[in-house]
Amino acid sequence: MSFGVSLKRERELRGISLAEISKTTKISVRLLEAIEKDRFDILPGGVFRKSFIKSYARYLGMNEEQILHEYDLEVQPSTASPPPPEKPSVSFRDSSAGSERALLLTFGILLALMAVGLGFWYFTRASREEEVALPATQGVPAAQAPAEQPHAETTLPPASAATPLQTQDTSPPPASTSDAARQAVSSGGDPSTLKVLGELAKKPEPPPPVQTEGASTLELDVEALDVAWISVKTGETLLFSGLMNPSDLKKFSLQAPLKVTVGNAGGVRLQVNGQVFATLGKAGERKSLEISAANYEQYLTAKTP
């Protein structure tokens with residue numbers, strides 16, 4: 001049995017279609033069919049090919065590393081690239097001539113670098129000497145300037161130019177709405193203003209928000225009574241996909257709606273916070289359920305009166 005045929009057989013045993021795998025893994029149906037038909041020349045090369053095979057195996061709940069190892073053992077030898085052509089032999093005379101040319105080229109490059117370095121050093125040295133000489137010539141009149149200037153009288157700034165002292169703000173705090181209404185009534189203000197202030201004084205202040213205790217989080221428990229394939233998704237995100245053995249238990253939060261698909265309806269038991277669902281179906285039957293915090297009660301077992 002070839003590599004692609006074995007993958008197709010595992011998919012058919014789980015009752016999964018290529019369209020379902022394509023919708024979740026974002027791999028086109030044409031490329032998935034190429035994997036099952038061993039047409040790896042149709043797939044993209046490099047890491048993309050192994051990435052597609054790994055996503056295919058992950059959705060089926062198979063061992064991804066083992067599948068990639070089988071791919072390397074069975075497929076890679078047939079698609080290995082041909083050995084590179086042998087390089088023609090080079091005679092000793094040609095190699096010696098090439099080494100001499102390389103040596104001369106290296107020597108020329110070193111000479112050019114030395115010339116550039118000397119030119120840069122000479123230029124920077126000349127510019128530094130000019131910078132040192134320029135302040136020395138400009139410093140002579142600057143030193144003589146104080147002797148030529150007459151003695152200046154020291155004047156004090158006028159009293160108005162002095163820095164003003166910082167005064168402390170002693171203004172009273174803003175009055176409340178009721179205080180403002182009383183002040184307007186006592187001072188005989190405008191009637192329209194008194195009406196507005198009276199309405200504001202009558203308006204009650206909003207009560208502080210009341211803190212309520214958070215509701216308990218709903219969790220979906222998926223318990224395997226027999227060997228069964230399970231797939232759980234929320235929207236387009238795949239939370240779990242694979243085989244569950246008897247007594248295996250998986251928990252999922254119901255904060256967002258879940259889509260649960262089982263390949264063996266009689267071998268799986270579902271419950272939400274201890275509330276057991278009714279029997280999903282017969283052994284070997286495939287079932288898909290849309291479960292959320294709003295509709296999970298319709299799947300519960302009927303309570304006896």
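Modeller: We begin with pairing: two strands count as paired if DSSP finds at least two bridges between them. Please keep in mind throughout that this is a predicted model. With that criterion, an open sheet of four strands can be traced in the order E4-E1-E6-E7, with antiparallel pairing.

Colleague: Which are the edge strands of that sheet?

Modeller: The edge strands are E4 (249-253) and E7 (275-276), each of which pairs on one side only. Further in, strand E1 (residues 219-224) and strand E6 (residues 268-272) pair in the antiparallel sense over five bridges, and within that pairing Ala224 has Val268 of E6 as its bridge partner.

Colleague: How many bridges join E2 to E3, and how many join E2 to E5?

Modeller: E2 and E3 run antiparallel and are joined by seven bridges, with Thr234 partnered by Thr237 of E3. The two strands form a hairpin with two residues between them, and Gly235 in the turn has a positive phi of about 70°. E2 is also joined to strand E5 (residues 258-262) by four bridges, again running antiparallel, and here Val232 has Val260 of E5 as its bridge partner.

Colleague: Why is E2 described as largely enclosed by the rest of the structure?

Modeller: The reasoning rests on burial, for which the cut-off is a relative accessible area under 20%. Six of the seven residues of E2 are buried, so this strand is largely enclosed by the rest of the structure.

Colleague: Let us turn to helices; which residues of H5 are buried, and which side of the helix do they take?

Modeller: The general idea is that an α-helix has 3.6 residues a turn, so residues three or four places apart point the same way. In helix H5 (residues 64-74), the buried residues are Glu64, Ile67, Leu68 and Tyr71; they cover an arc of only 100° around the axis, which puts them on the same side of H5. Glu65 and Leu73, on the other side of H5, are exposed. The cover over the buried residues of H5 includes helix H1 (3-13) and helix H4 (47-60). At the start of H5, moreover, a side-chain oxygen of Asn63 comes to within 3.2 Å of the backbone nitrogen of Glu65.

Colleague: What do the buried residues of H4 pack against?

Modeller: They pack against H1, helix H2 (18-25), helix H3 (29-36), H5, strand E2 (228-234) and E3. The buried residues themselves are Arg49, Phe52, Ile53, Ser55, Tyr56, Ala57, Tyr59 and Leu60. H4 has 14 residues and reaches 20 Å from its first C-alpha to its last, close to the 20 Å expected at 1.5 Å a residue, and it is followed by Gly61, whose phi is positive, near 80°.

Colleague: Is Ser241 buried or exposed, and which residues is Ser241 in contact with?

Modeller: Ser241, which lies in strand E3 (residues 237-244), is buried, with a relative accessible area of 11%. Leaving aside neighbours within four places in sequence, Ser241 is in contact with Arg58, Tyr59, Gly61, Trp229, Ile230 and Ser231. A polar atom of the Ser241 side chain lies 2.4 Å from the backbone oxygen of Tyr59.

Colleague: How many helices and strands does the protein chain have?

Modeller: Its secondary structure comes to eight helices and eight strands, and buried residues make up 23% of the 305 residues in the protein chain.

Definitions and conventions:
Residues are numbered from 1 along each chain as its sequence is written. Side-chain values use heavy atoms; hydrogens and water are left out. Buried means under 20% relative accessible area, exposed over 50%, partly exposed in between (1.4 Å probe, protein chains only). The arc is that of the directions from the helix axis to the C-beta atoms. Contact means heavy atoms within 4.5 Å. A polar contact is a pair of N or O atoms within 3.5 Å; within protein, one must be able to donate a hydrogen and the other to accept it, and residues adjacent in sequence count only if both atoms are side-chain atoms. The expected span of a helix is 1.5 Å times one less than its number of residues.
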